[in-house]
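Here is a short report on a few residues. Look over the sequence and the model first, then read on.

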2 protein chains.
Amino acid sequence: MTLVEEIYAANAAYVNHRPKGQLPLPPARKVAIVTCMDARILPASAFGLQEGDAHVIRNAGGRTSEALRSLVISQQLLGTETIIVAQHTDCGMLTFQNKDIHAVIHKNLHGADATHIDFLPFSNLEQNVRDDVAFLRNHELIPKSIDIYGYVYDVATGRLVPVNSE
Amino acid sequence: MTLVEEIYAANAAYVNHRPKGQLPLPPARKVAIVTCMDARILPASAFGLQEGDAHVIRNAGGRTSEALRSLVISQQLLGTETIIVAQHTDCGMLTFQNKDIHAVIHKNLHGADATHIDFLPFSNLEQNVRDDVAFLRNHELIPKSIDIYGYVYDVATGRLVPVNSE
């Protein structure tokens, strides 16, 4: 089977055993989770989420600056009150700097210039969690009433480890 | 239990029954999925993904313009060759315009001005899937060799329905 055929087969099986009917749009547990796109993270399994429970926002690194638009919609239109930021060990974002990916793009994509794009790499995982939580705590579009928690997710064990603010 | 205690308890259970050891960083199935943050979508269950299979990028609406940074990293540094764009029925992004959320923010957040932010709402789901796929197909940072598929995910049934390009 091709990749797409495999996904259709898995989807057809899911349709038959999932909960029946349409759940409400606002997340039942009033939480938004920001995490990395990393293939080894299955947020529903790792954090115990069912259909309808939580917004899940994912991008390379689980960076909160890029998640801001989604978080504001989540809070202002759909009533979430907690943010969980979970970045992870062995993250690809720890392995390069902007100049490296700019050079890869120039080489692989026929001289394309991506030097105007900040790919948001970082060099210290725990400090980056603190910085990304602080970005939200200090942002005028995130109400002070929102609870924000920072974690490191260990991709070797699956364990969520809290990162204390400083 | 508080929300955070519930998540810890679920995580502790996951740690005990998940696959042991650390999987490779590059996605085994060489695919990146772009979908919405919507709480009713569980991509791993709905699309048949195991730990290590696929990058999953999620934001409000599953918009591909905001996913571009992550997709370039996914392809250029981590070897993915297929993109699946899955936007969904009953999406919150179909229910407002920028002026509406700008007014909500101004009212709820003590006069805060977010008029410089495009919250990327849309009014026609299937056309938006086509437009978001076309954005990637026409982008100089996405190689022509990448396979890109567009879908509507029906949140009432869990079914993935292909959207034909035009």
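A:Cys36 is buried, and its relative accessible area is 4%. This model is a predicted one. A:Cys91 is buried as well, at 3% relative accessibility.

## No disulfide

How many disulfides does the structure hold over all chains? The count is zero. A disulfide is a covalent bond between the sulfur atoms of two cysteines. Take A:Cys36 as a case. A:Cys36 is in no disulfide, and its nearest cysteine sulfur belongs to A:Cys91, 4.1 Å away.

## A buried glutamine in a strand

Now turn to a glutamine. A:Gln87 sits in strand 3 of chain A, which covers residues 82-88. Is A:Gln87 buried or exposed? A:Gln87 is buried, with a relative accessible area of 0%.

## What the glutamine meets

Which side chain makes a polar contact with the side chain of A:Gln87? That partner is A:Asn128, at 2.8 Å. The A:Gln87 side chain also reaches a backbone atom: the oxygen of A:Gly62, at 3.1 Å.

Leaving aside residues up to four places away in sequence, A:Gln87 touches several others, among them A:Gly61, A:Arg63, A:Phe122 and A:Leu125. The contacts also include A:Val129, A:Asp132, A:Tyr151, A:Val152 and A:Tyr153.

Conventions: Residues are numbered from 1 along each chain as its sequence is written. Chains are lettered from A and ligands numbered from 1 in the order in which they are written. This is a predicted model: local features need pLDDT of at least 70, side-chain atom pairs count only at pLDDT 80 or more; totals for chains, interfaces and linings use all residues. Side-chain values use heavy atoms; hydrogens and water are left out. A disulfide is a pair of cysteine sulfur atoms within 2.5 Å. Buried means under 20% relative accessible area, exposed over 50%, partly exposed in between (1.4 Å probe, protein chains only). Helices (H or I, at least four residues) and strands (E, at least two) are DSSP runs, numbered from the N terminus. A polar contact is a pair of N or O atoms within 3.5 Å; within protein, one must be able to donate a hydrogen and the other to accept it, and residues adjacent in sequence count only if both atoms are side-chain atoms. Contact means heavy atoms within 4.5 Å.
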